[in-house]
Amino acid sequence: MTSDDAMGTDRAAAARGPAPPDVDLDRVWVAVAGEVWRRRPGPVERLAGRLLRSPGLARALVTTPSLLLAWVLAAGVVLLAGMLATLGTGTPYVALLAPAVAAAGIAYAYGPGIDPAWELSSSAAVSDRMVLLVRALAVFGLNTVFGLAASAASGVATAVTLGWLLPMTAVCALALATATVARSANVGVAAGAASWAITVLAGQALTGQISAAVTTSVLWLPYLAFAGCCAAIVLYSTRIPRGTP
């Protein structure tokens, strides 16, 4: 927990007033921590632990909010709807939806404010940056697989796969950078969704085609450059300050 988080917690506690004298908050927190870490690892967590060589990092990964079943199903439903719309209209809606869906998942992989196990996972013997990197890559990879499957099923995989993968990378990087700097997943989602909506609408206004944002090859290099800049922001904002033990 950072000093800002601690100050925020202290202010919130002060606003609520002192705890009842017969309530031991330290024991409550220890009990919560015990419940989270005492849970027996499932097969996915055991596999992740072997691959990552860290049981703590594996636990942090499987508790990622946007990797939980409800979120995965929601992302799948959205892309399924995009696939059906693509088949019905010929417009590559999967390519237009995939960046926004992935950006939301990436932002909600960040942690603070939306992940009840964030502070506990941060107590593992790995850096916050490593937890963030593993979570982000896992969410991005899962959404990429979903997008590729939906594109292939709608018959447009060859034509637009690279076209939507590159903007998806850029939008995800922006969402993650914003969420990391603002320490708010909701702000990250808003930034990612808004930026992609503006990009799509601007492409339509310039070319008359709603799919211009994913089919115009001249945009590929700017997408990559922008993603690189956002990645640098994430690395800088998650660095360990000098003098920190």
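Residues 24 or more positions apart account for 68% of the contacts in the protein with a separation of 6 or more; contact means heavy atoms within 4.5 Å. This is a predicted model, with local features needing pLDDT of at least 70 and side-chain atom pairs counting only at pLDDT 80 or more, while totals for chains, interfaces and linings use all residues. Residues are numbered from 1 along each chain as its sequence is written, and side-chain values use heavy atoms, with hydrogens and water left out.

**View 1. The whole protein.** The protein has 12 helices and zero strands. Both kinds of element are DSSP runs, numbered from the N terminus: helices are H or I with at least four residues, strands are E with at least two. Of the 245 residues, 37% count as buried. Buried means under 20% relative accessible area, exposed over 50%, and partly exposed in between (1.4 Å probe, protein chains only).

**View 2. Helix 6 against helix 8.** Helix 6 (residues 93-107) and helix 8 (residues 128-153) pack at an angle of about 160°, with their axes 9 Å apart. Axes are lines fitted to C-alpha atoms, for helices over the stretch in contact, and angles run from 0 to 180 degrees between N-to-C directions. The angle makes helix 6 roughly antiparallel to helix 8. Angles under 35 degrees count as roughly parallel, over 145 as roughly antiparallel, 65 to 115 as roughly perpendicular and the rest as oblique. Helix 6 supplies Val 94, Val 101, Ala 102, Gly 105 and Ile 106 to the contact; among the residues from helix 8 are Phe 140 and Asn 143. The contact residues divide into eight nonpolar, four polar and no charged. Here Ala, Val, Leu, Ile, Met, Phe, Trp, Tyr, Cys and Pro count as nonpolar, Asp, Glu, Lys and Arg as charged, and the others, Gly among them, as polar.

**View 3. Helix 5 against helix 8.** Helix 5 and helix 8 pack at an angle of about 25°, with their axes 9 Å apart. That makes helix 5 roughly parallel to helix 8. Val 72, Ala 75, Gly 76, Leu 79, Met 83 and Leu 87 in helix 5 meet residues of helix 8 including Leu 142, Phe 146 and Ala 153.

**View 4. Helix 4 against helix 8.** The axes of helix 4 (residues 55-62) and helix 8 lie 10 Å apart, at an angle of about 50°. The two helices are therefore oblique to each other. Leu 57, Ala 60 and Leu 61 of helix 4 touch Met 130, Val 131, Val 134, Arg 135 and Ala 138 of helix 8. Seven of the contact residues are nonpolar, none polar and one charged.

**View 5. Thr 64 in its loop.** Thr 64 lies in the loop between helix 4 and helix 5. At 0% relative accessibility, Thr 64 counts as buried. Leaving aside neighbours within four places in sequence, Thr 64 is in contact with Ala 109, Arg 135 and Val 139.

**View 6. The largest nonpolar core.** This core has 36 residues; Ile 106, Trp 164 and Met 168 are among those with the most contacts inside it. A nonpolar core is a set of buried Ala, Val, Leu, Ile, Met, Phe, Trp, Tyr and Cys residues joined through side-chain atoms within 4.5 Å. The largest share of this core, 12 residues, comes from helix 9. A second, separate core of seven residues includes Ala 58, Ala 60, Leu 61 and Val 134.
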